[in-house]
Amino acid sequence: NCGALPPTIIESILFGHERGAFTGAVDQHPGVFEQADGGTLFLDEIGEMDVGLQTRLLRVLEDGTVRRLGGKQDISVDVRLIVATHRDLKQLIAEEMFREDLFYRLYVVPLHLPPLRNRVDDIPQLVHHFIKTHAPKGRNVHLTESAMEKLMEHDWPGNVRELKNTLARTIIMAQGDVIKAEDVMFISTPYSNPRKESLSGQERNAIVDALRKAGGNKTKAAQYLKIARSTISYKIGRYGINPKDPK
């Protein structure tokens, strides 16, 4: 996670260091690029990386070599790099906080992950996964249908992290293994209600516009919005929209 540690520590983690390279470097340490040689390295929050480190990262990508801190030799590495960010990198480039040449070096196969509220079909699978990881051993925790519906109707401004923490909190606070709708509690913020109303209104309007363009055809409307047909069907029912007469 490029935003979790100071640049000096991140540099050592990425590229490694030799013994005596800095105070506390009592042993030689290979960086994660060396450790991932022949495999895949995932760098989260690349938009938070210090500009100075971006220069070193660019060299690794272009030359396929790393040099440990305090080292004198280049070490060849063959790594498939995957990066992620929640920041607008093009905006950071305009603000001179992200290198444009590094952006285009990384921008090979871009993947855009929509917010959780736009892919409600993923929620049941994510719920079952997080229940497995957070439920204490020996407990058969499961949700009622109404509890699942409550989760699917939430706007999730915090996306998957919010869902994960909501389930962890619910499992801890629930009285038994059966989680009911009233057991599911969301953390509110001073801006949560206005945001929810605004997002819901914008989403409903977008669906209505897409249905009008598609002549009431759900499949075509889903294609306009770049979401699954099952997702738009769910939201049409949620907002009480008549596909034949959307308004």
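Trainee: Okay, so helices are DSSP runs of H or I with at least four residues, strands are E runs of at least two, and both are numbered from the N terminus. With that settled, where is Arg119 found?

Mentor: Arg119 sits in the loop between helix H5 (100-106) and helix H6 (123-134). Keep in mind that this is a predicted model.

Trainee: Buried or exposed, that Arg119?

Mentor: Buried: the relative accessible area of Arg119 is 14%, and the cut-off for buried is under 20%.

Trainee: And what does Arg119 touch, not counting residues up to four places away in sequence?

Mentor: Leu113, Pro114 and Val160.

Trainee: Let me zoom out. How many helices and strands are in the chain?

Mentor: The chain has 11 helices and 8 strands. Its radius of gyration is 23 Å, well over the 18 Å that the globule rule gives for 247 residues, so the chain is more spread out than a compact globule.

Trainee: What box do the C-alpha atoms fill?

Mentor: Along the principal axes, roughly 70 × 50 × 35 Å.

Trainee: What share of the chain do buried residues make up?

Mentor: 36% of the 247 residues are buried. As for the accessible surface, the chain has about 15,200 Å², and 51% of that belongs to carbon and sulfur atoms.

Trainee: And contacts? Which share joins residues at least 24 apart?

Mentor: If you take contacts between residues at least 6 apart in sequence, 65% of them join residues at least 24 apart.

Trainee: Switching to charges. How far apart are the mean positions of the positive and negative ones?

Mentor: 6 Å, with 34 positive and 32 negative charges in the chain.

Trainee: How many salt bridges does the count come to?

Mentor: The count is 11. One to look at is Arg68 with Glu34, where the side chains meet at 2.8 Å, N to O. That pair links distant parts of the chain, 34 residues apart: Arg68 is in the loop between strand E4 (65-66) and strand E5 (75-76), while Glu34 is in helix H2 (residues 32-35).

Trainee: Are those two, Arg68 and Glu34, buried or exposed?

Mentor: Both Arg68 and Glu34 are buried.

Trainee: What about Asp245, which residue does it form a salt bridge with?

Mentor: Lys247, with 3.7 Å between the closest N and O atoms. Asp245 counts as partly exposed at 41% relative accessibility, whereas Lys247 is exposed at 64%. Elsewhere, salt bridges that share partners join Arg59, Asp63, Arg67 and Asp74 into one network.

Trainee: Which residues is Val83 in contact with, leaving aside its neighbours within four places?

Mentor: Phe42, Leu43, Ile46 and Leu106.

Trainee: Last topic, backbone. I noticed Glu96: what is its phi?

Mentor: Positive, about 60°, although Glu96 is not a glycine. Glu96 is in the loop between helix H4 (89-94) and H5, and is exposed, with a relative accessible area of 70%.

Trainee: And Trp156, what about its phi?

Mentor: Trp156 also has a positive phi, about 50°, and is not a glycine either. You'll find Trp156 in the loop between helix H7 (145-153) and helix H8 (159-173).

Trainee: Buried or exposed, Trp156?

Mentor: Buried, at 0% relative accessible area, while Glu96 is exposed.

Technical notes. Residues are numbered from 1 along each chain as its sequence is written. This is a predicted model: local features need pLDDT of at least 70, side-chain atom pairs count only at pLDDT 80 or more; totals for chains, interfaces and linings use all residues. Side-chain values use heavy atoms; hydrogens and water are left out. The radius of gyration is taken over C-alpha atoms; the globule rule is 2.2 Å times the number of residues to the power 0.38. Buried means under 20% relative accessible area, exposed over 50%, partly exposed in between (1.4 Å probe, protein chains only). Contact means heavy atoms within 4.5 Å. Accessible areas come from the Shrake-Rupley method with a 1.4 Å probe; for residues, only the protein chains shown count as cover. Lys and Arg count as positive and Asp and Glu as negative; His and the chain ends are not counted. The place of a charge is taken as NZ of Lys, CZ of Arg, CG of Asp or CD of Glu. A salt bridge is a side-chain nitrogen of Lys or Arg within 4 Å of a carboxyl oxygen of Asp or Glu.
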